[in-house]
Amino acid sequence: SAVNAANEALADGSWRGGGGGGGGGSDARGGGCGGASAARGGEEAEEAALKALLAELSEEAVSSAAATPPAALLGAVQSDGATAEGRQAALRGAWSYSVGLVGKPSAGKSTLFNALTRAGSAPGAAEEAKTGAQPFTTIEPNLGQAWWAAPPGAEPEELVAAATPTAHGRAADGRRLLPCRLIDIAGLVPGAYLGRGKGNLFLQELCRSDSLVHVVDASGTTDEGGNLQDAPEQLQQHGRGGRAVVAEIGWVRAEIHLWVFTNVCAKRPTWRRRPEKLGGMFTGYGCSPALVAGVLKRARAAIIKATVGAEESGAPDAEVLAAACGGTAEEDGREPSLRRPHDVALHRLVAHFVAARWPVAVALNKVDVPGATRHVEEARAQYPSRVLVPVSARSEVERLRAHASAGADGARSYSPDGSTGTLDVLSAAVALRPPTLAFPSSDLATLASLGRGADAARLFDCLLLRPLSTVADFCEAVRREGLCAGDLVRAEARGVFTPEVAVVRRDDVVAAKGPIVRLQTRRAAWQGRAEAAEQAEEHQRGTKACGRRRQTG
């Protein structure tokens with residue numbers, strides 16, 4: 001493993017530079033220089049060992065997260081299938097979904113932002129984000145509304161086949177489009193977790209995102225800082241482009257990991273003394289205690305599996321992890337080291353948290369550049385468990401502009417089916433942490449839309465809910481959309497593929513009962529009195545105004 005290889009290299013001194021050894025003989029004059037060289041060699045070996053470790057742990061954690069049902073990943077259910085009592089508040093209600101675009105400078109984040117938000121492509125569209133071939137074109141995060149495609153099976157197939165109108169339209173293949181907030185986060189450079197570049201801004205904005213799209217320069221023509229390097233043909237000839245792309249995919253996740261690791265490590269004395277505080281080290285990153293509880297459980301199993309001679313016990317997860325990751329008081333204040341098992345264990349815990357908190361879909365951008373498709377295949381071979389989507393954001397922007405100006409699709413595309421990958425990568429990011437999709441209906445047999453009138457398309461509206469949202473939560477969300485009013489008195493639900501209708505209770509979870517819900521509401525007595533009082537007050541104001549006009553006349 002990477003851990004064993006790192007420990008062997010560090011232990012036997014194989015990383016040390018030549019010359020200056022022992023400071024004697026003909027090398028005595030070079031002793032100082034040799035010592036500095038050895039020091040640099042040691043730092044490089046430590047850095048290489050850390051990168052290898054993080055890559056290994058990240059793959060382990062991503063695979064574990066991928067094998068966990070999305071609802072369980074959020075903490076919606078415990079391992080025994082029971083509802084996570086006491087942790088439901090953050091897992092209920094309407095979900096205003098946010099996706100963050102991350103990546104190094106000049107990877108094409110702002111271009112992808114413009115493509116996904118349709119910026120500048122039509123009258124009234126969002127303002128275009130500034131783009132450019134230099135680092136830090138984006139200084140402040142760009143915010144906008146984007147649209148992702150619901151997965152197959154989200155709604156009755158007859159509606160998809162007929163391309164019935166929806167509140168936000170449909171994709172070219174008929175999939176229903178749904179809104180999300182898109183955050184184009186400022187570019188980062190290596191060492192962002194230490195505050196270099198725009199690192200602090202980048203990392204703080206992460207907490208506002210539910211999932212991430214990592215924009216990677218698949219052409220391999222820019223370095224880690226976003227500076228333009230050799231031409232694509234030269235990179236392909238020397239093979240450097242592919243290596244750069246593969247390294248870039250793991251780089252951003254490593255920056256996030258080290259940011260969290262550094263923060264948790266700084267509080268180590270606190271949670272070592274009081275293990276119940278360990279979970280609180282992670283809830284400040286914009287996630288629920290339920291998600292953290294699931295992370296602790298999976299990390300505990302992974303650490304015990306990786307530790308020779310370790311045995312399970314009946315102790316709480318936080319207590320077991322604090323013992324495995326806490327170290328000793330004598331080591332407080334020292335730099336973390338891969339030689340110390342508790343530091344490696346803490347890295348493993350953080351890796352599982354990062355994988356659960358920030359699911360990532362990778363946009364392999366600029367695939368229209370020569371040589372990029374080869375880099376895509378190399379990346380897929382290196383990262384079989386990652387979600388990698390080839391993308392040409394520039395082609396999508398050109399397509400939108402051509403459509404807006406000429407009413408036709410005049411832009412080129414890199415794939416035979418005309419796709420530019422932009423919609424696919426955003427939809428993939430949402431699918432990694434999917435909301436519950438629910439449809440308000442006034443008739444479950446005809447699928448008539450609720451609150452839209454007799455002429456409205458069937459199931460015109462679709463609401464995004466958190467995984468443990470109840471029927472009462474759904475009713476409140478529908479009320480806020482102005483599609484119904486009054487108190488819920490009865491509700492019925494049916495599935496997408498099964499027409500059977502069942503009466504559901506207020507506290508039933510929508511995801512477990514069926515996404516198509518008929519709501520019956522009734523205005524309460526106080527609501528009727530309030531409405532009557534408001535009408536009387538309005539009538540009185542109108543009478544006074546009329547009297548003043550007569551006096552004036």
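Biologist: Why is Arg374 called partly exposed?

Modeller: In this predicted model, Arg374 has a relative accessible area of 41%. Buried means under 20% and exposed over 50%, so Arg374 counts as partly exposed.

Biologist: What makes Arg374 and Glu378 a salt bridge?

Modeller: Their closest N and O atoms are 3.4 Å apart, and the cut-off is within 4 Å. Arg374 and Glu378 are four residues apart in helix H14, and therefore separated by about one helical turn.

Biologist: How do you know that Asp473 is buried?

Modeller: Asp473 has 16% relative accessibility, and the limit for buried is under 20%. Its salt-bridge partner, Arg92, has a relative accessible area of 33% and is therefore partly exposed.

Biologist: What parts does the pair of Asp473 and Arg92 tie together?

Modeller: Asp473 lies in helix H17 and Arg92 in the loop between helix H3 and strand E1, so the linked parts are 381 residues apart in sequence. The N to O distance in this salt bridge is 2.7 Å.

Biologist: Why is H12 called oblique to H13?

Modeller: The two helices pack at an angle of about 135 degrees, with their axes 7 Å apart. Roughly perpendicular ends at 115 degrees and roughly antiparallel needs over 145, so H12 is oblique to H13.

Biologist: Which residues of H12 meet H13?

Modeller: Leu321, Ala324 and Cys325 in H12 meet His342, Ala345, Leu346 and Leu349 in H13. The residues of this contact divide into six nonpolar, one polar and no charged.

Methods
Residues are numbered from 1 along each chain as its sequence is written. This is a predicted model: local features need pLDDT of at least 70, side-chain atom pairs count only at pLDDT 80 or more; totals for chains, interfaces and linings use all residues. Side-chain values use heavy atoms; hydrogens and water are left out. Axes are lines fitted to C-alpha atoms, for helices over the stretch in contact, and angles run from 0 to 180 degrees between N-to-C directions. Angles under 35 degrees count as roughly parallel, over 145 as roughly antiparallel, 65 to 115 as roughly perpendicular and the rest as oblique. Contact means heavy atoms within 4.5 Å. Ala, Val, Leu, Ile, Met, Phe, Trp, Tyr, Cys and Pro count as nonpolar, Asp, Glu, Lys and Arg as charged, and the others, Gly among them, as polar. A salt bridge is a side-chain nitrogen of Lys or Arg within 4 Å of a carboxyl oxygen of Asp or Glu. Buried means under 20% relative accessible area, exposed over 50%, partly exposed in between (1.4 Å probe, protein chains only).
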